Amino acid sequence: MLEPRKEKYRKQFRGRMKGKSVRGSTLNFGDYGLKSLGRGWLTTRQIEAARKAITHQTKRQGKVWIRVFPDKPVTKKPAGVRMGSGKGAVDHHVAVVTPGRIIFELAGVDEAIASEAIKRAGAKIPFKTKFVKKE
């Protein structure tokens, strides 16, 4: 699964997800893409599930680009531990996604296959998405 090789700081604040995505909001590599309409955290498992859905649907033809990377650590305390006594250990990593962000790009397949593959990938993602294509 995706995770950073090394980090400058081990733990981060949760932060706020205000505004729209300006960077990463246009198709740069492929002909078709999956664009987010909502905002949220994408876990490594969700990204991998969506990627698998695309490769399965396209029968491993064409090329897939993953345009998000989970670089934000999320901490979690073990079950049954009392409140207080500091922040928990890093549990997993997430990618912060705001509206307008391109999550996946796809090239080398026809539009009908690409549309179906991207829609199936969108079903694995916890917020609304839409299928986009290059003009």
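1. Start with the order of elements. From the N terminus on, the protein chain runs β-β-α-β-β-β-β-α-β. That comes to two helices and seven strands. Keep in mind that this is a predicted model.

2. Next, the overall dimensions. Taken along the principal axes, the C-alpha atoms of the protein chain fill a box of roughly 55 × 30 × 25 Å. The chain has 135 residues, and 37% of them count as buried. Its accessible surface comes to about 9100 Å². Carbon and sulfur atoms hold 50% of that surface.

3. Now the sheet. Three strands form an open sheet in the order S2-S5-S4, with antiparallel pairing. Strand S2 (40-43) and strand S4 (72-76) each have a single partner strand, so one side of each is left without a neighbour in the sheet. On average, neighbouring strands of this sheet are turned by 50° against each other, direction ignored.

4. S4 and strand S5 (residues 89-97) pair in the antiparallel sense over five bridges. Lys-76 stands opposite Ala-89 in S5.

5. Then the helix on the sheet. Helix H1 (residues 44-57) lies across S2 and S5. Its direction is at about 70° to S2.

6. Contacts across the sequence come next. Take the contacts in the protein chain between residues at least 6 apart in sequence. Of these, 81% join residues at least 24 apart.

7. Last, charge. The protein chain carries 32 positive and 11 negative charges.

Terms used
Residues are numbered from 1 along each chain as its sequence is written. This is a predicted model: local features need pLDDT of at least 70, side-chain atom pairs count only at pLDDT 80 or more; totals for chains, interfaces and linings use all residues. Side-chain values use heavy atoms; hydrogens and water are left out. Two strands pair if DSSP finds at least two bridges between them. Helices (H or I, at least four residues) and strands (E, at least two) are DSSP runs, numbered from the N terminus. Axes are lines fitted to C-alpha atoms, for helices over the stretch in contact, and angles run from 0 to 180 degrees between N-to-C directions. Contact means heavy atoms within 4.5 Å. Buried means under 20% relative accessible area, exposed over 50%, partly exposed in between (1.4 Å probe, protein chains only). Accessible areas come from the Shrake-Rupley method with a 1.4 Å probe; for residues, only the protein chains shown count as cover. Lys and Arg count as positive and Asp and Glu as negative; His and the chain ends are not counted. The place of a charge is taken as NZ of Lys, CZ of Arg, CG of Asp or CD of Glu.
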